Amino acid sequence: MTLVDLKLLYRDWRGGQLNLVVSALVLAVMVVSAVSLFADRVERGIVQQISQFLAADLAVGGVIAIEPAFKDQADALSLNTARTANFRSMVFAGEKSHLASVKAVSSAYPLRGLIEVANSVSANNVQALSTGPQQGEAWVEPRLLNLLNLELGDQLSVGYLDLTITHLIVNEPDRGTAFGAAGARVMFNYQDLPTTQLIRPGSRASYRLLLSGSETSIAQYQEWYRQYEKNEVRDGEAGGESRSDTGLQSTAAPHYQLLTPQGAQEQMGETFTRGRAFLLLSGTIGVLLAGLAMALASHRYAGRLTDQIALMKAWGQGASAVRKSQAIRLFAIALFSTLLGMLLGWLVHYLLLELAKELLNIELPAPSWRPWGVAALTGFVCVIGFALPALWHLPTIAPLKVLRRDLPSSLVGHGKRLSIGILALLILTAWYSESIVTAVLFLAALFALFAICGIVALQFLRLAKGLGAWQGSYLRLGLANLWRRRQHTLIQLVGFASTLMLLLTVVGMRTSLISEWEAQLPSDTPSHFLFNVANSEVEQVKGLLQEEDLKTTQWYPMVRGRLVAINGVDITPERLARSGGLSREVNFTQTDELPPSNTITQGQWWQQSPDGFEFSMEEEVASEIGVNIGDEITFSIGGLTMTAKLTSLRSVNWQSMNPNFYVIFYPGALDKYQPNWVTAVKAGGLANNQDQSLMYQAPFVGKMVQQFPTAIVLELTDVVARIRDVITQVTQGLELILVLVLACGVMVLFASIGVSFDERLRENAILRTLGSSKKVIIGALTVEYASLGAISGLIASIGAEIVLYFVQTRVFDLSAQWHPMLWLVGLLLGVVLITALGLLRSREIITVPPLESLRRLA
Amino acid sequence: MNDTVLRVNAVNKVVPSADDDLAILQDISFSLQQSQSLAIVGPSGAGKSTLLGLLAGLDVPTSGDIWLGQHKITAMNEEGRARVRAELVGFVFQTFQLLGSLTALENVALPMELNGQPDAQARARDYLQKVGLGQRFKHYPKQLSGGEQQRVAVARAFACAPKLLFADEPTGNLDQATGEKISDLLFELNQQADTTLILVTHEQRLADRCERVITIDGGRLVSSVGNASVVGDEKEHQDNNSQQPAAMI
């Protein structure tokens with residue numbers, strides 16, 4: 001029977017009865033496989049890099065210099081060690097400078113893996129070296145040569161250190177997560193680090209002590225570190241600054257962490273599970289629409305099969321044979337469509353990778369089995385959830401139907417079919433997001449969106465119906481059709497409008513939000529930040545800026561530190577993690593004047609000299625970690641602790657682009673930590689610079705880096721350009737996914753027209769027979785589809801505008817702004833797309849002569 | 001009675017309706033020998049097609065028994081009846097019932113393919129040649145005229161070599177001339193294949209070509225002409241109604 005079943009299936013396919021079911025399924029699988037292949041390969045690429053990221057078996061990382069005791073213990077266990085320090089700094093050559101990503105490495109670096117270098121920008125003779133730069137050498141990323149107009153062998157200055165560029169870095173084993181570091185890499189020898197004079201108390205740098213050796217020694221070192229952490233907690237509870245039996249000053253502990261490949265992988269794993277879930281959930285909308293299309297198309301397919309099944313049964317096929325035949329055919333459909341969808345998804349995922357390639361500067365390994373599994377599951381669950389219920393009744397068709405076609409078929413009820421469909425979606429969504437709660441919430445939100453779209457669409461339909469009553473023949477006919485088939489019209493409207501809405505929202509974010517934000521910045525918004533200015537340099541830098549006639553905001557001393565205890569009780573990592581702002585090292589400052597764009601919301605800004613240390617905190621982070629006025633908070637700054645009392649909470653306008661701080665101390669509190677200084681400078685417009693070449697540099701920057709090589713100048717235009725790049729790449733990827741989802745919406749349109757196809761064919765044949773011209777038929781269909789498109793476009797534009805309004809006012813703190821272009825695009829896209837595709841799908845209705853139509857339907 | 005191929009005994013068919021149960025067929029009894037041809041005639045709504053459905057095992061009577069060959073199909077479930085249909089029965093329908101997505105050849109071959117007959121294609125070709133459509137193998141139903149479609153249906157029915165062929169108004173959708181040709185074809189093939197032919201028709205001319213004619217009216221068998229045995233009244237019998245002009249039947 002199998003061969004006959006496949007023959008029958010082929011004949012159904014040849015007769016065009018399966019086109020829609022298969023196309024919708026292929027699309028659903030394609031969307032899901034493209035998205036999951038993309039996510040999987042990126043994730044694996046990054047995890048692979050993480051597994052090499054230590055360039056060692058183990059590392060102690062810290063934001064303050066690694067204490068000698070860590071190395072002493074490694075030496076005692078006969079482990080190999082190497083040191084690295086990473087930080088951002090200006091590097092310069094002549095007049096030109098660049099804010100680079102600097103890394104100082106000791107001679108033994110790397111302990112594991114190799115550094116890949118080349119000797120010319122174009123050459124492909126990549127060498128893999130097991131040691132880093134010698135003293136006096138700079139190894140740089142090739143793009144730095146372009147940025148600073150340099151060649152191999154040229155001099156490059158880093159702080160007060162002059163280096164010769166000897167190699168170009170192609171890859172380094174511990175490049176990290178490699179999300180396109182903003183600055184080009186400059187690597188030099190650790191022994192040269194002091195000469196740069198870049199590292200001072202309060203400088204922002206991350207240090208690592210790399211360790212490698214036998215498994216036993218590594219395990220012993222890990223055990224020793226665990227012991228050290230425990231002791232630190234015990235001593236912390238005792239409340240004193242003491243040296244534990246690990247020989248370390250315990251209060252430094254919060255600044256260190258033991259880095260293992262497994263730990264980093266776990267951390268990234270979580271991030272990627274979320275990222276993958278997000279992408280797949282956007283794909284879910286596609287699956288839902290494709291499922292809807294499949295359900296509608298399968299319903300029509302079932303109608304077409306009714307005669308065939310009745311005949312088969314009359315010829316002596318039993319219900320079980322028919323059921324088996326159906327199962328074989330459906331399995332073949334699922335298998336073929338899923339494989340085709342996977343193949344197309346494989347191609348589309350390259351498009352996604354292309355869009356994100358600048359963001360993901362990593363080598364991508366082959367995908368795991370998981371995306372294929374997800375795609376296959378999608379294909380088969382869609383068939384079972386959406387196609388099977390529409391076909392389930394076929395084996396029960398009475399053979400008598402060959403004589404009495406009016407006999408009813410015992411179709412699976414609408415409610416049951418809907419429930420099965422939703423259950424299928426729920427299974428898929430839960431599998432995608434790896435969380436049943438997320439799946440339920442997501443589907444609930446999606447259906448709520450559909451419901452709102454549906455209610456609005458119904459009102460528009462009523463309006464169109466009323467309008468049609470007053471119009472000429474084909475207008476009235478077209479609008480009446482829209483209303484008469486309102487159930488299907490609504491399905492099409494909701495599917496189209498919600499997808500178009502998401503697409504418009506994403507496009508709106510990409511094209512307008514950053515420009516609007518820039519346009520609304522006040523004219524005195526700073527254009528540059530100056531960091532890392534030493535105490536001794538502040539006056540001279542002020543002088544230079546005055547000479548250049550540049551205005552600055554207030555100067556702030558700045559140190560880096562973290563919170564360690566509240567009212568004498570250690571803060572658990574979990575509690576700290578509640579606050580995005582305070583969970584890591586943050587900048588502290590001290591000032592007697594409340595900075596502009598800050599407002600006291602609770603407590604009081606200091607009026608006079610307090611008894612002990614006092615500080616003020618930004619209100620949101622305060623509520624996140626749960627502290628109140630009067631609480632005593634202990635901070636660790638550079639390994640030293642101090643306790644201060646919270647006396648005020650502030651709201652901060654982060655949009656002001658002034659230096660802003662979560663924690664501000666009463667003047668004097670930070671003096672002993674030798675803070676560096678920070679300010680913001682207004683040198684040229686921020687918004688105006690966006691079109692200028694990347695090589696553009698405000699004139700004072702050159703002088704700054706020449707005279708104060710250790711200071712860091714951050715150009716906000718660079719930052720904004722970088723944000724714009726990231727947003728563009730992320731949204732373009734999303735747009736591609738949404739275009740595929742929109743294609744699923746087109747399937748719904750096609751399937752929906754398919755359901756009413758025979759009815760339309762008959763009606764139009766009758767109209768033609770009664771003397772209506774072809775023009776009237778085409779006119780009515782055009783009116784119907786154009787109205788459908790216009791309503792979809794209108795709902796999509798309204799929805800997108802509402803979402804953008806909230807993003808503008810709540811996320812970006814901007815004043816609301818209309819996006820007329822979005823409305824135009826939404827309306828045009830809706831009308832043109834739906835009219836063109838609708839007419840395309842209906843061409844048979846128009847072209848088949850009425851007599852043939854009637855005969856065909858007899 | 002050894003070669004009795006169809007036996008109907010006291011068959012009733014009652015269907016529930018809004019007010020009361022509706023008797024579609026009442027106390028129908030007759031039998032038919034192998035190779036005979038039988039026409040079931042009667043006015044619209046008399047119950048002819050219902051009777052045909054019962055005889056072919058497509059439906060079950062409310063009471064009474066039907067034997068097809070040696071099989072008492074009224075004692076069987078649908079799966080059992082399906083097996084009997086597969087073994088003994090062929091059909092020709094008023095609306096042709098060709099599958100639109102299949103060519104003429106595929107339509108004819110399909111029932112044989114479903115039964116796992118190895119020479120399905122060859123037999124299908126042969127029978128299409130016999131009905132004069134040797135040049136139309138690859139044509140789809142919509143490319144064929146009504147008469148041609150019915151010829152395909154006739155070829156499909158005979159190609160399976162059924163013992164009994166049930167035809168429901170086989171010329172009902174055709175003009176008179178085409179109907180004549182189809183009926184010629186039907187009887188010709190019937191004779192060649194030694195098939196027992198049972199047809200429902202409004203057409204007196206078609207009915208007249210059958211060896212036996214039974215008339216159903218108001219759900220009752222009101223006359224039997226020819227030598228179809230009426231169970232319980234074994235003599236050949238003819239009443240006034242059978243003398244009515246064709247238009248009345």
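User: Which strands does helix 2 (residues 78–88) of chain B lie across, and at what angle does it run to strand 6 of chain B?

Analyst: Quick ground rules: this is a predicted model, where local features need pLDDT of at least 70, side-chain atom pairs count only at pLDDT 80 or more, and totals for chains, interfaces and linings use all residues. Residues are numbered from 1 along each chain as its sequence is written, chains are lettered from A and ligands numbered from 1 in the order in which they are written, and side-chain values use heavy atoms, with hydrogens and water left out. Helices (H or I, at least four residues) and strands (E, at least two) are DSSP runs numbered from the N terminus, while axes are lines fitted to C-alpha atoms, for helices over the stretch in contact, with angles from 0 to 180 degrees between N-to-C directions. Helix 2 of chain B lies across strand 6 and strand 7 of chain B, and its angle to strand 6 of chain B is about 75 degrees.

User: What is the strand order in the six-strand sheet of chain B, and which strands stand at its edges?

Analyst: Two strands pair if DSSP finds at least two bridges between them. The six strands form an open sheet with mixed pairing, in the order 6-7-8-3-9-10. Each edge strand has a single partner strand, so one side of each is left without a neighbour in the sheet; these are strand 6 (89–92) and strand 10 (220–225) of chain B.

User: Which residue is the bridge partner of F91(B) in strand 7 of chain B?

Analyst: Strand 6 of chain B and strand 7 (residues 164–168) of chain B run parallel, joined by four bridges. Within strand 7 of chain B, F91(B) has as its bridge partner F166(B).

User: Where does helix 1 (residues 48–55) of chain B pack, and what angle does its direction make with that of strand 2 of chain B?

Analyst: Start with the four-strand open sheet of chain B, which is antiparallel and ordered 2-1-4-5. In it, nine bridges join strand 1 (residues 4–16) of chain B to strand 2 of chain B. Helix 1 of chain B packs on that sheet, touching strand 1, strand 2 and strand 4 (63–68) of chain B (contact means heavy atoms within 4.5 Å), and its direction relative to strand 2 of chain B is at about 55 degrees.

User: Are helix 20 (residues 774–811) and helix 21 (residues 820–841) of chain A roughly parallel or roughly antiparallel?

Analyst: Their axes are 7 Å apart and the packing angle is about 150 degrees. Angles under 35 degrees count as roughly parallel, over 145 as roughly antiparallel, 65 to 115 as roughly perpendicular and the rest as oblique. Helix 20 and helix 21 of chain A are therefore roughly antiparallel.

User: And what about helix 3 (residues 104–114) and helix 5 (residues 146–159) of chain B: parallel or antiparallel?

Analyst: These two pack with axes 8 Å apart, at an angle of about 25 degrees. That makes helix 3 and helix 5 of chain B roughly parallel.

User: Which residues of helix 5 of chain B make that contact?

Analyst: Helix 3 of chain B brings A104(B), N107(B), V108(B), P111(B) and M112(B). On helix 5 of chain B, the residues are V152(B), A155(B), R156(B) and A159(B).

User: How far apart in sequence are the parts that the W13(A) and F336(A) pair ties together?

Analyst: Rings of Phe, Tyr and Trp (its six-membered ring) pair if their centres lie within 6.5 Å, with planes under 30 degrees apart counted as stacked, over 60 as edge-to-face and the rest as tilted. W13(A) and F336(A) are edge-to-face, at 6.4 Å centre to centre and 65 degrees between the planes. W13(A) lies in helix 1 (residues 2–14) of chain A and F336(A) in helix 8 (residues 319–355) of chain A, so the parts tied together are separated in sequence by 323 residues.
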